Amino acid sequence: MYNLVGNEILKLFMKRRLFVVFGILLVLISLFAYGEQYTRERTQARVAERLGIEDIDDWREITKQQLRDLERRLENPFIPDEGRASLEVRAEQLRYYLREDINPTTFSAGQFMSNFMEQSIFLFLPLLIILLGADIVSKESTTGTIKLLMTRPVPRWKILTSKLLALMVLEMLVIFFMAGLSFLIAYFTFGHAGFSEPVITGFRIVNGNLDASNIRTVSLGLYNIMVYSLGYIVAFTIGKMALMVSVLVKSTAAAIGIMMSSLIGGTFLSFFISDWELTRYIFNVNLRLTDFLSGNLQPIEGLSLQFSVIVLMAWALGSMIVSYGVFQYKDFMD
Amino acid sequence: MSENSSSIEKTVVLELTNVKKTIRKKEIIKGISLSLYEGEVFGFLGPNGAGKTTTLRMIVGLIRMTEGEIKIGGYSVKKDFVKAMESVGCIIENPEMYDYLSGWENLKVLASMEKGITKERIKEMVSLVGLEKRIDDKVYTYSLGMKQRLGIAQALMKRPKLLILDEPTNGLDPAGISEFRKLIRSLAENENLGVLVSSHILAEMEVMTDRVAIIRQGSIVKVTSVENIVREKGITYVVSDVEKAKAVIEENFKGQVHIKGSDQLVAIINEKDVPDINQKLFAEGVLIQYVSKNQKSLEDLFLELTAGDEIV
């Protein structure tokens, strides 16, 4: 089995698609870091101008100003309940920072890392995994090399398992690469790692109201481990689905197309029919796992971290059952 | 070649028993049975869509049979796939390889999926097919002929008992084809390898194989040895008096004579007797318009047996 997995990993590396993915990550993270730096400077300049002070180093003033802005917005009676709860989370965070004397305006590499994963977990990360996983079987069908594999004295399930394991290693590699690269680039841009900084998490929105009973502080380092672990859960699920499509469809282009359109289409669907009970079982709406940590607004009410993880695991398991079932009895006709 | 001749006891390496395949309620393969012995080159012949490739794919487990049994070296492909495949080397249709890997990496990846193929064995195969100079280049830089050679190396490196080749000389130049033919014959004769080969080039089949099966619309129409086909060749005579000519030839020379028309007959005789027969006929007063040698070949047999397929 080791030799089979080794073969699959060799193939994935030699195909160079992995390096395309790494290249995309490099470009995107650099752009993201530059943009983050730019908007941060602009905000500070604006706040300083409004407050009429020249020295913007006093983070307490800036934070208080932000809090006042938020409170003013909360007074607006036309904000829907969900939006109100999410604003309350922000306000509560700012109050907490002031109370605990934590400076939230400094931006560290650790914060950038978690921001980047939070922004990519529902679309960009799945996209990269699709690029890697959707051709793992279909490429062999397209080029005909599947015949070489299937005529060895190795049972079919072992061949699929080796591909599955190789893909899982690769998913992990992408997550590590995302973490490493975003850390390095952000460290160069923002100057310090900040892994010991505290982050507050544990907000929940229940029936449109903020439930602050479970609020906790964790170090930014630990927070990042949590965020990237959740990222791996998403990568794992999407990887299994991509493998299934790759088994079902012969052409790589079709496999990537099907996965992309279901990823994007499902997200649209979740916006339009968010009242429908079944929507919560679509994998797309459960991809934003990191929002449960940061207290961001969920597209559908009543989701919880446990629920979303269970739904994603169910999708992964279902995809695996279909993959094995089809692959075991498939006829390789042409 | 009679099946029950017990003078030379040969081992069956491949046995198909009433193999059928139905796809979407349409019966593609309608019950094929055949036995292939070690040291034998067996040809699979048929027009496009007759079911050659489907049958070959069922033998190597790429397509699952609906009914019947396939045994390789005594192991059932259905129940004992791994054991059965341990003794098979094959090239199914084009010799596709991982073109983003080098030739050597291809062989190594495939060898790691088999039992007991050493580095030396792979090297030996590379030099057998004459790819030493290019083996470290990526396969996408290879010509079709070189890919074909790599395919042969891949199929032979495990020392199979059965070799399955689908259209094997595709992409080889004439020198390569003749070299390949010699290789196949020598493997069959010296290493007692059973070879199942399909081809659409009839001339090639005629020189390469011991027996051929002609397959048409999913069934085997005829299994015949190449010797038999050669024996069916004869001499055509166009003469003034066919009855008298038949009598003269049959009385004086060993052979059979069939009357084919009012002035035409076919004599199955030793070619060396032709001058003597001609003299005798002339002496008996039979006038000969012309004499010609029949080129009854595999091609004639094939066309005869598969005639009318285009209309169906």
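Two strands are said to pair if DSSP finds at least two bridges between them; strands (E, at least two residues) and helices (H or I, at least four) are DSSP runs numbered from the N terminus. In strand S14 of chain B, B:Tyr290 is the bridge partner of B:Val238. This is a predicted model, in which local features need pLDDT of at least 70 and side-chain atom pairs count only at pLDDT 80 or more, while totals for chains, interfaces and linings use all residues. Residues are numbered from 1 along each chain as its sequence is written, and chains are lettered from A and ligands numbered from 1 in the order in which they are written.

Strand S11 (residues 235-239) of chain B runs antiparallel to S14(B), and 5 bridges join them. Both belong to an open sheet of 4 strands in chain B, with the order S12-S13-S11-S14 and antiparallel pairing. Its edge strands, S12 (256-259) and S14 (288-293), each pair on one side only. Across S11 and S14 of chain B lies helix H10 (residues 274-283), which runs at about 165 degrees to S14(B); such angles run from 0 to 180 degrees between N-to-C directions, with axes fitted to C-alpha atoms, for helices over the stretch in contact.

In chain A, helix H9 (residues 156-190) contains A:Ile175. A:Ile175 counts as buried because 21 C-beta neighbours lie inside 10 Å; the term requires 20 or more other C-beta atoms within 10 Å, C-beta atoms being placed from the backbone. Beyond its neighbours within four places in sequence, A:Ile175 is in contact (C-beta atoms within 7 Å) with A:Tyr228, A:Gly231, A:Tyr232 and A:Ala235.

Definitions and conventions. A residue is buried if 20 or more other C-beta atoms lie within 10 Å of its own, exposed if 12 or fewer, and partly exposed in between; C-beta atoms are placed from the backbone. Two residues are in contact if their C-beta atoms, placed from the backbone, lie within 7 Å.
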